[in-house]
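Work through the exercises below with the sequence and the 3D view open. Try each task before reading its solution.

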Amino acid sequence: MAEVSALSSGALMRRGPYISMITNRTMNVLIRAAVLFMVGVFLALVLNLLQVQRNVTLFPPDVISSIFSSAWWVPPCCGTAAALIGLLYPCMDRRLGEPHKLKREWSNVMRCVAVFVGINHASAKVDFANNVQLSLTLAALSVGLWWTFDRSRSGFGLGVVIAILATLATQLLVYNGVFQYTSPDFLYIRSWLPCIFFAGVITVGNIGRQLALYEYKVSQEKTHQD
């Protein structure tokens, strides 16, 4: 009996740190997801306000239900997408063995957010001669944002794939009359929209990477202390 009790206590002692590690990791993922969700909601409110004020996007009166003149479902959808993208980027980095080689600092992330907001602002308020010129300019700015703040192949690939999927989803929403663009020039939408999605994915991916890096540093410090 004594031997069985000793073995059981030994197994519990071995499992204890493992269970604690799993619990801490799950909690950290949930916290990161919550932060990313709030970031996505905030960016959706601010950026959609720019689009609505400029009359780039039009929502039917019966679905406009917030002080930011945005449909109620837009911020939660953008927040959920931001959480998924922000968690996916560091996961892909680990799976592909492609570490982020550029400077990892919050100041760099904030500059990336500022550039993204600037790109969206340009799409709403800067007048170009035609939509082709606007689309090419925003495409160059979006790729420049990736080159300046990311430069990873996984980041570029995920950005392109998610931008295509988001554009298709937007086309379906517009086709079904959920909202509309004032001057559509590409299958019910604006041709520059994929560029905005791509820049947004890169921005949220950088935020997710920085949050994951912060979590890693904290866990390393706790390991050294123990």
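**Exercise 1. Find the backbone oxygen that the side chain of threonine 170 reaches.**

Solution. The side chain of threonine 170 reaches the backbone oxygen of alanine 166 at 2.8 Å. A polar contact is a pair of N or O atoms within 3.5 Å; within protein, one must be able to donate a hydrogen and the other to accept it, and residues adjacent in sequence count only if both atoms are side-chain atoms.

This is a predicted model: local features need pLDDT of at least 70, side-chain atom pairs count only at pLDDT 80 or more, and totals for chains, interfaces and linings use all residues. Residues are numbered from 1 along each chain as its sequence is written, and side-chain values use heavy atoms, with hydrogens and water left out.

**Exercise 2. Which residues form the nonpolar patch on the surface?**

Solution. The members are Val143, Phe156, Val160, Val161, Ile164, Leu165 and Leu168. Together they have about 570 Å² of accessible area. Helix H5 (residues 153-175) gives the largest share, 6 residues. The patch rule takes residues with over 30% relative accessible area and no salt bridge, and joins nonpolar side chains (Val, Leu, Ile, Met, Phe, Trp, Tyr) within 5 Å. A salt bridge is a side-chain nitrogen of Lys or Arg within 4 Å of a carboxyl oxygen of Asp or Glu. Areas come from the Shrake-Rupley method with a 1.4 Å probe.

**Exercise 3. Describe the aromatic pair of phenylalanine 156 and phenylalanine 198.**

Solution. Apply the rule: rings of Phe, Tyr and Trp (its six-membered ring) pair if their centres lie within 6.5 Å; planes under 30 degrees apart count as stacked, over 60 as edge-to-face and the rest as tilted. The count comes to 3 aromatic pairs. Tryptophan 146 and tryptophan 147 form a tilted one, 5.9 Å centre to centre and 55 degrees between the planes. Phenylalanine 156 and phenylalanine 198 are edge-to-face, at 5.5 Å and 70 degrees. This pair links helix H5 to helix H6 (residues 193-225), 42 residues apart. Phenylalanine 156 is partly exposed at 32%; phenylalanine 198 is buried at 6%. Trp146, Trp147, Phe156 and Phe198 form one aromatic cluster.

Terms used:
Patches are made of residues with over 30% relative accessible area and no salt bridge: like charges are joined within 9 Å, nonpolar side chains (Val, Leu, Ile, Met, Phe, Trp, Tyr) within 5 Å. Helices (H or I, at least four residues) and strands (E, at least two) are DSSP runs, numbered from the N terminus. Buried means under 20% relative accessible area, exposed over 50%, partly exposed in between (1.4 Å probe, protein chains only).
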